[in-house]
Amino acid sequence: MIDALIIYTQFFSRIPINKEVDIAHIQKGVPYLTLFGLLLGSITGLFYFLAQLVLPGIVAWCLSFLFDVLLTGGFHLDGLADTADGLFSSRKKERMLEIMKDSRIGSNGVLALILYYALMLVAYPYLPEPTWFIVAALAMIGKVGLALQLYHMRYARAEGGTGNFFSGTTSGQIFLSQLLPLASLVYVFSYKGLLAYGLVLLGSQVYRRFVYQKIDGHTGDTLGAFVEVAQLLFIIGLII
């Protein structure tokens, strides 16, 4: 478990840990992926909790997203932008994959990021308490979405890539990764937590089908994009 948490910290955040860990633990550690998300998110949750003691809640909420970008380097936001540029380009599969590898951001990517933050920000007044836990749970929910996409995952590119590190993930590993988020959401939010989780689960199937229809599999970008989509679905589930 410790090796998995270390390599996830090195892979998904800017927190410096000077310890070499076998890359195989990215796939082997999938049962602990959501635990890592909760631990990472708790840092942002603590920041929000302290910030809202001296600032209006909505300001603390906005600043928590800035803090998260500083903590993670916007790792999955880049995937969201690249996926939007590629999958909504109305091109053939090969060209879509080329577009997603391009380091430049296009209009679809910009719009995706704007819509993501706009929806997150306007949702604040409708969120149930405790808001600090929602902030802490967002990274965990993102990893819930990532784990769900790994079920019988097919890699879209002929050559290797970051998304391919998760190839070979088993159904049992994915199931174990869901226990912590499901239990914590039901404990804190009761039926609303179950509804929010169910929306993420349903959205994961719709998203997977959409991506596979476009490029016949996943890439690191499309996996990362659903991390952000899962967070949006979670927020929507909480305010329904």
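**Helices, a core and a few residues**

User: At what angle do helix α1 (residues 2–12) and helix α3 (residues 33–51) pack?

Analyst: Heads-up: this is a predicted model, where local features need pLDDT of at least 70, side-chain atom pairs count only at pLDDT 80 or more, and totals for chains, interfaces and linings use all residues. Residues are numbered from 1 along each chain as its sequence is written, and side-chain values use heavy atoms, leaving out hydrogens and water. Axes are lines fitted to C-alpha atoms, for helices over the stretch in contact, and angles run from 0 to 180 degrees between N-to-C directions. With their axes 10 Å apart, α1 and α3 pack at an angle of about 60°.

User: What does that make α1 relative to α3?

Analyst: Helices here are DSSP runs (H or I, at least four residues), numbered from the N terminus. Angles under 35 degrees count as roughly parallel, over 145 as roughly antiparallel, 65 to 115 as roughly perpendicular and the rest as oblique. The angle is about 60°, so α1 relative to α3 is oblique.

User: Which residues in α3 do L5, Y8, T9 and F12 in α1 meet?

Analyst: Meeting is about contact, that is, heavy atoms within 4.5 Å. The residues of this contact divide into six nonpolar, one polar and no charged (Ala, Val, Leu, Ile, Met, Phe, Trp, Tyr, Cys and Pro count as nonpolar, Asp, Glu, Lys and Arg as charged, and the others, Gly among them, as polar). On the α3 side, the partners are L33, F36 and L39.

User: Y8 turns up there, so which residues have the most contacts inside the largest nonpolar core?

Analyst: A nonpolar core is a set of buried Ala, Val, Leu, Ile, Met, Phe, Trp, Tyr and Cys residues joined through side-chain atoms within 4.5 Å. The largest one here has 68 residues, and its largest share, 11 residues, comes from helix α8 (residues 131–149). In soluble globular proteins, nonpolar side chains tend to be buried together. The residues with the most contacts inside this core are Y8, W61, F234 and I235.

User: Is the crossing of α4 and α8 left-handed or right-handed?

Analyst: Helix α4 (residues 57–72) and α8 pack at about 15°, with their axes 12 Å apart, which makes α4 roughly parallel to α8. A crossing is left-handed if the near helix is turned anticlockwise from the far one by less than a right angle, and right-handed if clockwise. For α4 and α8, the crossing is right-handed.

User: Which residues in α8 do W61, S64 and F65 in α4 meet?

Analyst: The contact of α4 with α8 divides into five nonpolar residues, two polar and no charged. The α8 residues in it are T131, I134, V135 and L138.

User: At 5% relative accessibility, does T44 count as buried or exposed?

Analyst: T44 is found in helix α3. Leaving out residues up to four places away in sequence, T44 touches S64, F67, D68, L71 and V135. Buried means under 20% relative accessible area, exposed over 50%, partly exposed in between (1.4 Å probe, protein chains only). At 5%, therefore, T44 counts as buried.

User: What is the relative accessibility of H152?

Analyst: H152 is found in the loop between α8 and α9 (171–189). Not counting residues up to four places away in sequence, H152 touches S171, R208 and Y212. H152 counts as exposed because its relative accessibility is 54%.

How values were computed
Helix = DSSP H or I, 4+ residues; strand = E, 2+ residues; numbered from the N terminus.
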